[in-house]
Amino acid sequence: MRGADYVIKRIAFALLTVFIAVTINFALFRLAPGTAVTNLARVPHATPETRLALKREFGLDKSKLDQYFIYLKQLSRGNLGISFENSQPVRDNLKTALINTIPMVLLGTLFAIVIGTITGVLAAWRRGTAAEGASVTTALAFYSMPTHWLGLMLVILFAGTLPTGGMTNDFLINPSFWQHFKDLVAHITLPALTLGLVLFGEYTLIVRSAMLETLSEDYILTARAKGLRPAAILRMHALRNAMLPIATLIALSLGYIVAGAILVETVFSWPGIGRAVYDAVLARDYPMLQGAFLVLTVSVVFFNLVADLLYFKLDPRITE
Amino acid sequence: MSVAVREPGAVIESEPIRSRRGIVWETIRRRPSAAIGSAILLVIVLGALLAPWLAPYDLHKQVGPVFGHPSWSHPLGLDDGGIDMVTLLMWGARVSLVVGFAATFVSMVIGGTIGVAAGYFGGKTDTTLMRITDYFLVIPDVPLMIVVAAIWGPSLFHIIIVIGILLWTSTARVIRAQVKSVRERVYVKRARSLGASHTRIVFRHVLPQVAPLLIANTVLTIAVAIFDETALAFLGLGDPSRISLGKMIENAFQRAAISTGAWYAIVPPGLLVAVIILSCSLVGGALEDALNPRLRVAHLSARSFRLRPLVGRGGEAV
Amino acid sequence: MRKRWLVALGIGVLTVALGAYAASGKSSGKSSQSGGTFRIGTSSRIDSLNPYVAFNQDAYSTFEYIYPLLIQYDKANSKFVADFATSWKTSNGGKTWTFKTRKGAKWTDGKPLTARDAAWSINTDIKYAATGAANAAGLIAHIKNAKAPNATTLVVNYAAPAGNVLGQFQQFAILPEHIWAKHTGHKGADLKTFANSAPVVGAGPFKLTKFKKDEIALFQRNNSFYGEKPKADAFGLRMFSNSDALVSALKAHEIDAIEDVPATAIKTLRSGFNVRSVPGVDQTDFIINSNPKKSKHRELLNLKVKEALAHAIDREQIVKVVFLGTAKPASSIVPPATGKWFNKNLKPETFDLALANKLLDQAGFKKGPGGIRVAGGHKMSYQVITPTDVPSTNRTFQILQPDFKKIGIQLSQRALDSTAAFEAISGPNNKYLNFDLAMWDWVALIDPDFMLSVVTCAQYGGWSDSGYCDPRYDRMYSQQQLTPNQDKRRALVWKMQAYLYNKRPYIWLAAQDHVWAVAKNWGGLVASPQGPFNSISKLSLTSVHQQ
């Protein structure tokens, strides 16, 4: 049962990594210098009852080791503490933030895949010509641009045509569904485009390599000899072979992108999880920081696991 | 006619790998992308190094109006303090490159050591070290950097350490693989049987073989380190007393450069960063392709398609 | 291939949506009704909706528009006129003030608004002045109690005749007793924990109906307001995290006005918008820790040293580079825009490095290695704390640093967010022992009482960011509060400014103009040193209308 063996091993590894992440998260915030960081009951303007409850929930007057186990216990209940900034449970704040980030990130990934596939196919099919060079160089060039700078470039180009800040137009009072949808689409375009442009390079290179691999194989020669049109060949064989690495890449990237859309969200004032982390830092909102950091690490581990499993399922020639 | 599998300048796996020492130079000479990349990097590094002598104006002196337009005496205009942009670019590149090199040095030392130890000693050491590496691989970089900057305060030193601590993983992995293969070489086994100490073997036999790959990896890491520095500066966590390329972007952003039409305060620094990163990627990528052909082998798995280590860009805060 | 279908579908949907969007032309909430929504953009924030907690100016402007206050300023910002109080008189040698309040007024939830609410608010603040109501303690200083003999009469009894009664009540927001009375538990500490979230029960010309922190605050016209009803249907305050987004939004007509235009954008906005500039009440400062009990670096308490530092500041350069000319060199804790309260005899210190060097030499602090002076065995090298949400501090610091080096003082910048900055300044535990230097800004009111209060001993842990504590100054402060004769009070206020000028807890840098921009299709805003959205009077946003 080699298959199940592999799956179990990867899941076990993922769980272990999450556990280590949780531990390091604890250490980072409880062992840091200064009581501000370690005193998580210090919610400004909280009632004495709230403070007492937090102290009890997180055992803040006990030893560090006790605090650690209590922390694990609260974590298993989903209790991430209370935000200093708005005195709301961290879990709720993070949920809202994540819900805001995910569509933008998904759309950005979509852009990246589309642009990457087109340029990759172009590069491979027009192997050895100027088109290939241009395609690959463009991919690498965009890949090298600092994300926030590229976002600012888009702002320079599109300010006035597309909204450059926020997720919705807050002044639309009681908009119809269609108005609201239009508004959302208008606002999501530039941030998602920024993400897409910065990320598509990887997809270009992967698609190109996959296609080069496939195109060099004998059965392609045969197909061409048989008179199959290039588009058919592309569709049936080459792209199909690129799907595996693309799927794996998507899974891997998603884990990190959700963690890292901070720069895009700052440029475009997008109220997502990246900006939540940043605002939490500015406000020294340690419970939020701790919670956000944990969520991000877990998301990366999770998507890495998904990538591993995908890789395993889709590629029978796996070597470990 | 089938499509050629061989790229110009690629090393074919079946060729016996002779001396690897000349390969860095040879790759740079033969592959156009590497040559161009190296040339650009050289120019930029020289420009930054010689900034105190080459810069046309004083770094702290206001020479015109805020966001002054480009003119013959100021080809790139003035920034939000009325300081010449060309001067700022040279000095800013200096700081950014220093951070890049220093952080990379830190990561090289850590990654190299771990990679060599894991690959050379194998067994339990290997497994433990690799588990640690895997953990570091999944830490979301920029959030961690932000948190550390928040807790310990933004200073150049802290930033260098933090970036360095996050970037060593790819180095470790690549070095480990290389060391593993070198360890199996006949001459190493012979040296062992003759009673040579581990240290001697590592330094005299293993490291020289590993060096070129380390160089390739270092160049790629520099690119990432510089990117991280601009990201941190943009978020306001850079060292406020030094002007770096990232800080220039942040200053312009804070002072409404775009809506004022002062695009020249934002475009050049970012462009320079992009050029540096692109050049490093070209050189490093070319070196890696040349030295480690297994990265291009016909395995349709994602990991082998990564022409750049995962921690390179996909692992970055976007 | 399933995957490609999805990709194609995704692209298809996107294209259709974007196409529809583009075809419909610019959207962005056109206000087509006659009243309309006046959309204001700002780069500052409303930090809290609770008057016992809020710090930021925009929060106080919010309270001005949603709560009844007894008094407000008139359109010229010089006289006090009616708000909730229609008339007032003093008796008992100035110790008793009687206000007549509006008849038949209502809170936005329909409950009656009477003088009893005013009395309750005042008495509550007095009762909990040491705990939950500490922020407002200055406003009710010297009041013994307040009574409401009937629904339209408020009687306020002072311990001694006070000189600034109207000025204090101009800042005093009256809160609904039926909402807030349940939040006085824990000896009044609960006052600070009540979220007071939207929709807020108030009684101003507008009601706050929607509030998303750091994003948007929407105010709708309150048709049961006791005074002149607003012409606009609603107004909104949209908070931006950076100036570029703010200015782009105005240019793209996503908002109708910017309450505080960044200096660099003024030129580009002049062509399409009405840009107005008035001398403002916002002044930036250089703070020297003046806590007489501080342990380290006591050379900074030396008045000659402070004077030397003041002569090393190139205010003209700061005005030119940081504010692009939209400011004037400042000299006093009370800004010039307050009119008669500003001591005109005080002039900003000259920028004279030679004089500064001489003063420091005379004080006995010789230059050591590297050109840095030595004091008490250590280098005169200090950290300057700067809050990240006052953007002018960075550029200003870059101007100060090389000049200070020339007089042998080394400065390094420590940028912190405002909470951390205040903690660093007031630490440990509100003892003000740790910091040396800092930079910040103050937005004053027209009546000088507030600004004069921030350097009193009582404000340790409250408004004080300088650690200044001087019993003689405190006596003067108390005295000006209890001087009913306005001319005498003015003379005293001038004397206090001159006194502080020599003691220098602050070296004042620049008095900023307040610059705002409005789209050409809106008019009727009332200018004030705090801009169109202010905590000075309700008139500005009540009279704004589309034209």
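How many residues does the contact take from chain B and how many from chain C?

1. The contact takes 18 residues from chain B and 21 residues from chain C, two residues being in contact if their C-beta atoms, placed from the backbone, lie within 7 Å. This is a predicted model, in which local features need pLDDT of at least 70 and side-chain atom pairs count only at pLDDT 80 or more, while totals for chains, interfaces and linings use all residues. Residues are numbered from 1 along each chain as its sequence is written, and chains are lettered from A in the order in which they are written.

2. Leaving aside neighbours within four places in sequence, A292(A) touches residues including L94(A), I273(A) and V277(A).

3. In chain C, 4 strands (DSSP runs of E, at least two residues) form an open antiparallel sheet in the order β4-β5-β9-β8, where strands pair if DSSP finds at least two bridges between them. The edge strands, each pairing on one side only, are β4 (85–91) and β8 (143–150) of chain C.

4. β8(C) and β9 (residues 153–158) of chain C pair in the antiparallel sense over 5 bridges, and A146(C) stands opposite V156(C) in β9(C).
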